[in-house]
Amino acid sequence: MIRVVLPPHLRTLARVEGEVELNISGQATPRAILDALELRYPMLRGTIRDHATQERRPFLRFFACQEDLSHGLQDAPLPDAVLSGAEPFIILGAIAGG
Amino acid sequence: MSGVRVLVGTRKGAFILTSDGKREKWEVSGPHFAGWEMYHLKGSSADPNRIYASQTSGWFGQIIQRSDDGGKTWIQPGTPPGEPTTGPGGMPKGESNKFVYDISAETGKPLTTHQWYDGTQHSWEFKRVWHLEPSLTDPDTVYAGVEDAAIFRSTDGGKSWHEVSGLRGHDTGSRWQPGAGGMCLHTIILDPSDPGRIFIAISAAGAFRTDDAGKTWKPINRGLHSQYIPDPNAEVGHCVHHVAMHRARPKTLFMQKHWDVMRSDDAGDSWHEVSGNLPTDFGFVIDVHAHEPETIYVVPIKSDGEHFVPDGKLRVYRSRTGGNEWEALTKGLPQHDCYVNVLRDAMAVDSLDSCGIYFGTTGGQVYASANAGDTWAPIVRDLPAVLSVEVQTLP
């Protein structure tokens with residue numbers, strides 16, 4: 001079971017409160033998490049990855065275990081602590097403002 | 001008793017303001033979609049309970065929302081929660097926030113490029129929906145005007161969108177360029193007398209018309225004069241801010257251009273200036289009285305460098321002669337220390353016997369007049385900056 005933390009606006013869109021828990025069959029990678037997330041919550045399609053390019057939207061980042069995974073390979077294995085559910089996979093919106 | 005429902009899009013959510021036919025007491029509902037930019041909401045004239053809304057974010061992109069109960073509840077039409085994500089054939093269901101530009105069937109490459117700020121050619125990139133225009137007859141058909149400028153159509157209630165690419169494929173596309181607010185298609189007018197005729201306007205390309213339901217388009221900018229472009233009388237490149245039409249006279253169009261208020265009586269084939277005695281002819285909104293096709297409204301803005309009303313006075317100007325002769329409407333509006341703007345989609349009229357006029361400001365006020373502009377009162381004073389105002393006249 002993998003825990004995913006969404007930004008507040010995406011929790012509202014997906015109509016969930018708190019963390020999302022996902023079961024990933026096969027290799028757990030950032031791409032697999034996003035695929036599973038969008039399958040369960042189709043209203044999130046296009047909000048994290050661009051519809052056409054499937055690239056991460058520029059003002060979002062992926063973090064886990066205090067590491068920025070945003071620029072890593074999207075098919076790279078996730079840390080063991082994420083796989084075990086000890087640590088969440090965090091989708092974070094950029095802070096903007098004054 | 002009949003009533004009105006005013007749909008307000010703001011920088012930080014949507015608000016729905018309702019009243020009976022007297023338009024004196026108002027109920028305020030919202031914020032809906034709190035924290036999101038709500039560029040535009042518009043109800044279907046074929047089914048008043050059907051409302052479409054454009055919800056956007058620099059972080060999360062474009063969302064299309066739909067209500068089937070007059071704004072009480074909302075869904076993302078392609079992807080309602082809890083439903084299977086694929087249809088009976090296994091194909092993915094429509095994705096209501098997916099706007100993908102057409103490519104050339106022959107080459108597989110983009111249809112065209114447009115001019116960037118520095119004059120180089122640039123690929124089209126979808127950013128957001130500026131305007132939603134429901135069909136006059138079918139609640140499930142709706143048009144979307146988007147940035148970068150293009151028009152999309154949905155015929156399944158907003159579940160899926162397909163580009164009407166004859167517009168963007170027009171041979172002037174490579175000469176279109178973004179205005180300061182981006183290269184947006186912000187105005188869509190459906191001709192009630194001719195289902196095949198649609199008018200659109202783009203900043204900064206100009207106005208266009210189709211007479212065959214979107215297959216082919218032509219620029220309709222003859223008579224526009226814009227000093228800020230290399231050829232002031234060019235076929236395209238004019239920064240049209242908004243266009244309005246009265247249902248009873250679909251060949252007469254009124255335009256607020258970047259500078260100049262313009263009029264056409266031949267469906268846009270030619271234009272002439274009707275700025276007349278306005279204190280400034282820069283502005284964004286323009287609208288037509290519901291029952292008097294020669295009565296029009298604008299809100300003059302000081303200049304393109306100072307996007308606020310002149311002299312600290314918020315004044316709506318009304319012409320009862322289809323332009324040229326204008327009177328200031330000030331009763332109930334602030335006449336000192338006011339420095340707000342009124343954006344292009346932020347004025348609307350109802351169709352009650354005594355025509356109501358509504359507009360919203362970047363200062364968060366929504367003003368209403370139940371007597372065609374003679375007197376005004378704020379419905380709300382302290383919303384986030386208002387991006388759009390539409391009104392539904394309810395039976």
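A strand, as I use the word today, is a DSSP run of E with at least two residues, and a helix is a run of H or I with at least four. With that rule, chain B has zero helices and 29 strands. Keep in mind that this is a predicted model.

Let me stay with chain B for a moment. How does its radius of gyration sit against a compact globule of 395 residues? Such a globule would have a value near 21 Å, and chain B comes out at 20 Å, which agrees. Its C-alpha trace spans about 60 × 50 × 40 Å along the principal axes. Buried residues make up 52% of the chain. On contacts, take the pairs in chain B with a separation of 6 or more. Residues 24 or more positions apart account for 51% of those.

Now the other chain. Chain A has three helices and five strands. From the N terminus, the order is β-α-β-α-β-β-α-β. The radius of gyration is 13 Å, close to the 13 Å from the globule rule for 98 residues, so chain A is as compact as a globular protein of that length. The C-alpha trace covers about 35 × 30 × 25 Å along its principal axes. In chain A, 27% of the 98 residues count as buried. Of the contacts in chain A between residues at least 6 apart, 54% join residues at least 24 apart in sequence.

Next, where the chains meet. Chain A puts 17 residues into the contact, and chain B puts in 16. Which element gives the largest share of the chain A side? That is helix α1 of chain A, residues 8-14, with three residues. By type, the chain A side divides into nine nonpolar, five polar and three charged residues.

On to the core. The largest nonpolar core holds 128 residues. The members that touch the most others are B:Val6, B:Val8, B:Ile200, B:Tyr358, B:Val366 and B:Val389. Look at B:Val6 on your screen. Leaving out residues up to four places away in sequence, B:Val6 touches B:Leu17, B:Tyr358, B:Val366, B:Ile379, B:Val389 and B:Val391.

Now some strands in order along chain B. Start with β17, residues 240-246, and β18, residues 249-257. They run antiparallel, joined by six bridges. They form a hairpin, with two residues between them. One bridge pairs B:Ala244 with B:Phe254 in β18(B). Then comes β19, residues 261-264. β18(B) and β19(B) also run antiparallel, with four bridges. Here B:Phe254 stands opposite B:Arg263.

Is B:Asn277 buried or exposed? Count the other C-beta atoms within 10 Å of its own: 12 or fewer means exposed. B:Asn277 has 11, so it is exposed. Setting aside residues up to four places away in sequence, it touches B:Glu325 and B:Trp326. B:Asp345 is another matter. B:Asn277 and B:Asp345 are 68 residues apart in sequence and 24 Å apart in space, C-alpha to C-alpha.

The order is β21-β22-β23-β24 in chain B, with antiparallel pairing. β21 and β24 (327-329) stand at the edges, each with a single partner strand, so one side of each has no neighbour in the sheet. The twist averages 30 degrees from one strand to the next. Inside, β22 (residues 296-301) and β23 (residues 316-319) of chain B pair over three bridges. B:Val298 has B:Tyr317 in β23(B) as its bridge partner.

Last stop, another open sheet of four strands. This one runs β25-β26-β27-β28 in chain B, again antiparallel. Its edge strands are β25 (347-349) and β28 (377-380), and each pairs on one side only. Here the twist averages 25 degrees from one strand to the next. β25(B) and β26(B), the latter being residues 357-360, pair over three bridges.

I'm happy to take questions.

Note on methods: Residues are numbered from 1 along each chain as its sequence is written. Chains are lettered from A and ligands numbered from 1 in the order in which they are written. This is a predicted model: local features need pLDDT of at least 70, side-chain atom pairs count only at pLDDT 80 or more; totals for chains, interfaces and linings use all residues. Two residues are in contact if their C-beta atoms, placed from the backbone, lie within 7 Å. Ala, Val, Leu, Ile, Met, Phe, Trp, Tyr, Cys and Pro count as nonpolar, Asp, Glu, Lys and Arg as charged, and the others, Gly among them, as polar. The radius of gyration is taken over C-alpha atoms; the globule rule is 2.2 Å times the number of residues to the power 0.38. A residue is buried if 20 or more other C-beta atoms lie within 10 Å of its own, exposed if 12 or fewer, and partly exposed in between; C-beta atoms are placed from the backbone. A nonpolar core is a set of buried Ala, Val, Leu, Ile, Met, Phe, Trp, Tyr and Cys residues joined through C-beta atoms within 7 Å. Two strands pair if DSSP finds at least two bridges between them. Axes are lines fitted to C-alpha atoms, for helices over the stretch in contact, and angles run from 0 to 180 degrees between N-to-C directions.
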